[in-house]
Amino acid sequence: MEDSANGYQPLSQASEGIEVEAPSVQEPGSSGDAKPHNEFHGTWEWKVDNFTTATDNKYSDKFEIGTYIWRILMWPRGIEERSPDLAVFLDASLAQYTPLRMCPKAVFTFTLVNHLDPDSNFNKEMAALHTFTPTKSDWGFVSFHSLDAILNPRNGFLDGDSITIRVEIQVQKDEPFAYDSRKETGHADKAAAAGREAAAPREATAAGEAAALAARAESSVLSMSSNPNILVPLLELLTPPH
């Protein structure tokens with residue numbers, strides 16, 4: 001569902017009822033590698049050539065951040081009557097093959113780079129955590145930036161005939177696979193200690209019974225040696241008292 005305030009929605013909904021041509025994928029190596037900040041956080045840039053004459057939707061190269069594979073989807077002339085502005089989406093290209101419990105969850109920021117003044121870069125953040133599922137594998141902005149403003153060379157976004165789009169992604173750590181219950185709670189150690197404490201009284205009781213049985217046997221043997229007429233049944237010696 002589209003957020004009217006922010007202009008973002010899954011592409012499947014944004015392009016509903018619109019005939020979408022097959023995306024053109026750039027050759028690998030055109031935009032460089034992703035720059036990881038840490039295992040779950042990274043940045044990637046896409047230089048889009050021939051922007052002023054581009055009319056069809058385009059996919060960037062695939063790149064990896066946070067152990068997941070991503071790509072950027074751009075509509076250079078907007079999504080027809082939906083919006084005349086540049087539309088940009090983040091796509092988890094393998095989400096359609098991923099079990100729901102393992103689908104990536106992420107927040108991200110798109111940046112339209114200003115080659116004249118880096119302080120004038122245009123940023124738009126997707127601050128709400130989104131889960132990229134088989135039915136919502138892409139998420140982004142139907143109205144990312146005014147196309148007229150981009151095409152005006154004085155604004156600094158157009159570098160010759162190219163623009164550069166940067167994405168910064170923060171992937172949520174998958175807690176079910178990273179959580180160590182023993183390390184975090186000590187539950188296993190506590191359970192083992194409780195088991196040892198519970199076993200100690202039983203072991204003491206068994207040792208006491210064995211000692212009592214040995215004492216009875218010794219006493220009976222002494223009685224037999226002093227009085228041969230007293231016979232102690234073997235079964236009684238070996239049977240512990242009730």
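In this predicted model, Asp 91 forms a salt bridge with Arg 71, and their closest N and O atoms are 2.7 Å apart. Asp 91 lies in strand S8 (residues 86-91) and Arg 71 in strand S7 (residues 68-75), so the pair ties together parts that are 20 residues apart in sequence. Both Asp 91 and Arg 71 are buried.

The structure holds two salt bridges. In the other, Arg 166 pairs with Glu 45, again with 2.7 Å between the closest N and O atoms. Arg 166 belongs to strand S12 (residues 163-171) and Glu 45 to strand S4, so this pair ties together parts that are 121 residues apart in sequence. Arg 166 is partly exposed, with a relative accessible area of 24%. Glu 45 is also partly exposed, at 32%.

| Salt bridge | Closest N and O atoms |
|---|---|
| Asp 91 and Arg 71 | 2.7 Å |
| Arg 166 and Glu 45 | 2.7 Å |

The C-alpha atom of Asn 57 is 4.5 Å from that of Trp 75, although the two residues are 18 apart along the chain.

For the chain as a whole, the secondary structure consists of six helices and 12 strands. The chain has 242 residues, and 36% of them count as buried. Among contacts with a separation of 6 or more, 64% are between residues 24 or more positions apart.

Definitions and conventions: Residues are numbered from 1 along each chain as its sequence is written. This is a predicted model: local features need pLDDT of at least 70, side-chain atom pairs count only at pLDDT 80 or more; totals for chains, interfaces and linings use all residues. Side-chain values use heavy atoms; hydrogens and water are left out. Helices (H or I, at least four residues) and strands (E, at least two) are DSSP runs, numbered from the N terminus. Buried means under 20% relative accessible area, exposed over 50%, partly exposed in between (1.4 Å probe, protein chains only). Contact means heavy atoms within 4.5 Å. A salt bridge is a side-chain nitrogen of Lys or Arg within 4 Å of a carboxyl oxygen of Asp or Glu.
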